[in-house]
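Thanks, everyone. Let's take a quick walk through one chain. Please have the viewer open.

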Amino acid sequence: MRKELKRRAKENLKKHYLMVLVICLFASFCGVEYGMSTIRYHMDNIEYTSIGQLYETIVENSDFKETVDRIANGEGDQVRKEIREQKEDLVKNDHSRYLGRSNGVFSGIANSYSAGGFRFAVAEALLSLSGSRTVSISLMILGSVAVYLFIWLFIKETYRVVMRRMVLEGRVYEKVTIQRLFYPLETRSWPKIAWTMFVQSLYRFLWTLTVVGGVIKRYSYALVPYILAENPTIKANEVITLSRKMMQGHKWELFKADMSFLGWDVLDIFTIGLSGIFFSNPYKAAFYGEYYARIREVSKEACISGTENLMDEYLYCPAPKEILREKYPYLVSRIEENEKNAVPEPTGMSGFIAKWFGVELLPSRKLEEYERNKAMQYQLGYGQAILDGVVYPGRLGPFFGNFQFTPRFTMLPTRSYSLLSLIMIFFMMSFVGWCWEVSLHLVEDGVFVNRGVLHGPWLPIYGVGSLLVLILLKRFREKPVLQFTLTVVVCGIVEYGTAWFLETKYGQKWWDYSGYFMNIDGRICAEGLLVFGLGGLAIVYLIAPLLDNLLKKVNRKALLLAAIMLISLFSFDQIYSVKHPNTGAGISSGNTKQVAMKITESKAVPNRRKGKWQAYGTLVDNEIHSFDDSFDKDVAEQLRSQTIEFKQKGVVTINSALVTADGTYKKSGDSYTVQIPFDEEGNTLTLNCYFKDENLIVEQVLPDEYKDYDVGDPTVYKK
């Protein structure tokens, strides 16, 4: 019998391998089950002692107690300072090229948690609310227990039931929809499932206090999540009692089935979990689904009390198509109507481009009608799968709501876009990207900066990325997960390629992700790619359809005129920026913490212009670059002598400033003087550098004979 069940399990696993692999991998990752161990369900026993461990962790944890005591004693500011210093140490000691911890949201969260910032915030909030150390710790315990119980019961234990539901549906039907992940919500039984799993866990814990009760009851209660997967409305004690009755006489049988996987568990250990991930865990899930189906069948034949509640018959055999058509008359009529009104697919070059790239070269009513018909067919696809017996028929199930079909065309993501719409979407997204970058810089630094290589209010990388996602990935719009993955790949290639081109052509960085989590050469990072992926989904399924709807309402001639004007301005900006790119502080600096002053030699005749000092020509060109820390190791030793004689042009670090020039560097207290020769006659430029409010101030000092010239305002380099 066991061999037959395993044979069926392997056959069913072939049909839904990827689905079962994913749900088992997620279960293992979240500690639900299928951990790497020779004992099946080794994670189950954690729950029985975790609340006690949780209490010990919170109450006996010296860090948390010490934090509460210090805040209560008025040392909150000192604790904040220590946390800030720990964060700075984490950043300072970060030598990883790819797993950076100095920039970005991910790194900030990790640093805050590692330095105790999260613990401090919780302790301070609880103390401010209660005013008592004892009450604060008590609230922390209660809150932590509540969060733990919610995750354990409403997420982990409920997921056990969801897994079994999906495996059982996969035994009979060719497709299992992702909606089954929301099975507890669809059946409005989430609290009941969580409560039943809690009662089962409580009983099992009590039985572990006996000599052999814990082992026996593990097999007695083994069918509880399967029964809930079929009927989640049964009361908790009735579910447990039914599992016990159904397993009577089968516990030894299930134990031997467990032992038959012992070799796979050993192999799982020797392959560092790989064999379990890719085969044995999905294999076990499929086998135990088959085992429950057999025990259910035997129990119903024996008329065991309580099995009358196991009434989801179409979970174990497909419904006849006559019954399906009878239960879904509305679907039948809509599908037949759509087939009668089918529109042929456009042919020729325009049809090919629309099909593969979603671009409408010329206005076409046929294309519009075809896409509406195709959209209706796509939206009716799930209904057709029900009528074909490919997916579980929810309307025939005892606990699912009725299937309702409402066609939607206004936000249709599979549409084709006209060239005019694509042009306007490009400029709109370029402008939105520019606003986003400018706003970030304004909020972080309090300074308005015209971001980007170009001079106009647009960042074409955002527009190009949007169009590439819409055009290149048109064929994947019906598969959101694949759409997200490919969007990340496309946007990553575009951003990395753009950064490489700009650095190669101009020798500067317009953005730098060095220090961000999982960055590659500072050009792309995981955080940015995640945003691009989510943004790509928003563009495909929301923003682009919405903009297209609005653009279609605008007068076509007016829209065409606006497009021509924008293209003209954009082209002029591109041509001008090739030789005169937009650079400067906050523009070509990315998030570099070092400030570089590029000194350019000049023999210009002294003169005065309002707002600019040109007494010695263009000597100071505010540019910011990123240098590897190792670049200045040789110079660092010389800095200790307080004076450096430059024989050749080089780079020297003045705290956070980089000065490139021939010259002499001298230090006096917290101020720095840099003298730089600018011509063959020995004339020098003098720069006074000092720090004020943690910013580097650079003042140009003129010789006495030029004291009447206007040197302009001091240059301020933000930290």
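Over residues 589–663, pLDDT stays under 50. The model still has 173 contacts beyond four places in sequence for that stretch. Keep in mind that this is a predicted model. There is another stretch, residues 57–61, where pLDDT also stays under 50. For residues 57–61 the model has nine contacts beyond four places in sequence.

Now the whole chain. The average pLDDT is 77. Of the residues, 71% score at least 70. Where is confidence lowest, and where is it highest? Strand β7, residues 612–613, is lowest, at a mean of 29. Helix α13, residues 236–246, is highest, at 96.

Next, the surface. A nonpolar patch is formed there by Met349, Phe352, Trp356, Phe357, Leu361, Leu362, Leu419 and Leu472. Together they have about 790 Å² of accessible area. Which helix gives the most to the patch? Helix α19, residues 348–357, with four residues.

Look at one patch member, Trp356. Tryptophan 356 sits in helix α19. Its relative accessible area is 37%, so tryptophan 356 is partly exposed.

Last stop, leucine 486. You will find leucine 486 in helix α24, residues 480–506. Why does leucine 486 count as partly exposed? Because its relative accessibility is 23%, and buried means under 20% while exposed means over 50%. Leaving out residues up to four places away in sequence, leucine 486 touches Leu473 and Phe476. Leucine 473 is 13 residues from leucine 486 along the chain, and their C-alpha atoms are separated by 7.5 Å.

That's the tour. Over to you.

Conventions. Residues are numbered from 1 along each chain as its sequence is written. This is a predicted model: local features need pLDDT of at least 70, side-chain atom pairs count only at pLDDT 80 or more; totals for chains, interfaces and linings use all residues. Side-chain values use heavy atoms; hydrogens and water are left out. pLDDT is the predictor's confidence in each residue, from 0 to 100. Helices (H or I, at least four residues) and strands (E, at least two) are DSSP runs, numbered from the N terminus. Contact means heavy atoms within 4.5 Å. Patches are made of residues with over 30% relative accessible area and no salt bridge: like charges are joined within 9 Å, nonpolar side chains (Val, Leu, Ile, Met, Phe, Trp, Tyr) within 5 Å. Accessible areas come from the Shrake-Rupley method with a 1.4 Å probe; for residues, only the protein chains shown count as cover. A salt bridge is a side-chain nitrogen of Lys or Arg within 4 Å of a carboxyl oxygen of Asp or Glu. Buried means under 20% relative accessible area, exposed over 50%, partly exposed in between (1.4 Å probe, protein chains only).
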